[in-house]
Amino acid sequence: MRVKRTALVVGLLVLAIGFFSVALNNLFTRPASSSVVSKSGNYLIENVPVRGGLVPFDDLAYLRITDKRDSNAVFRSPLYPRNAVDMTTDETDAIVGIVWIDFYKRDQHFGIRVPEWKPHWLNSFISNTPYDIVGDD
């Protein structure tokens, strides 16, 4: 009896981990709802919605920035409310980004200035790039 219960618990745990892994992979590969190319043409900036099984009630997204000179260099921001995003691009020698979110090219991190930004439990899984919350007074 104890062996069956242990096998059931292990089986449920494996299923849960499998569901989470598949759902997370789907978030990484899903198409962007909007995208722009930076002024230099070197960066593709995409707004990627994450609504689904892992985030059923929040309307969140992350920024995916791809260095077009190296398609393996893909940087994902933490989650932010989709209604807060403005895809107007900005680029200098030091940064590339959109309104509220800057990507610092040299040390490859995000500066998040989204008003009333709140951390989300999925940020540690989705964001593959360090980030700072800027101006959160």
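In this predicted model, the side chains of histidine 109 and aspartate 132 are joined by a polar contact of 3.4 Å. Histidine 109 has its place in strand β9. With a relative accessible area of 14%, histidine 109 falls under the 20% cut-off, so this residue counts as buried. Who else is around? Leaving aside neighbours within four places in sequence, histidine 109 is in contact with Asp102, Phe103, Tyr104, Thr129 and Pro130, as well as with Asp132 itself.

Next come the aromatic rings. Searching the whole structure turns up six aromatic pairs. Take the rings of tryptophan 117 and tyrosine 131: their centres are 5.9 Å apart and their planes meet at 65°. An angle over 60 degrees is what edge-to-face calls for, so that is the label this pair gets. The two partners come from distant parts of the chain, 14 residues apart. Tryptophan 117 sits in the loop between β9 (109-112) and α2 (123-126), while tyrosine 131 belongs to strand β10 (residues 131-133). As for accessibility, tryptophan 117 comes in at 12% and so counts as buried, whereas tyrosine 131, at 30%, is partly exposed.

Ring pairs also tie Phe20, Trp121 and Phe125 together into a cluster.

Technical notes:
Residues numbered from 1 in each chain as written. Predicted model: local features only at pLDDT ≥ 70, side-chain atom pairs only at ≥ 80, totals over all residues. Heavy atoms only, no water. Phe/Tyr/Trp six-rings, centres within 6.5 Å; stacked < 30°, edge-to-face > 60°. Helix = DSSP H or I, 4+ residues; strand = E, 2+ residues; numbered from the N terminus. Buried < 20%, exposed > 50% of the residue type's maximum accessible area, 1.4 Å probe, protein only. Polar contact = N/O pair within 3.5 Å; in protein donor to acceptor, adjacent residues only side chain to side chain. Contact = heavy atoms within 4.5 Å.
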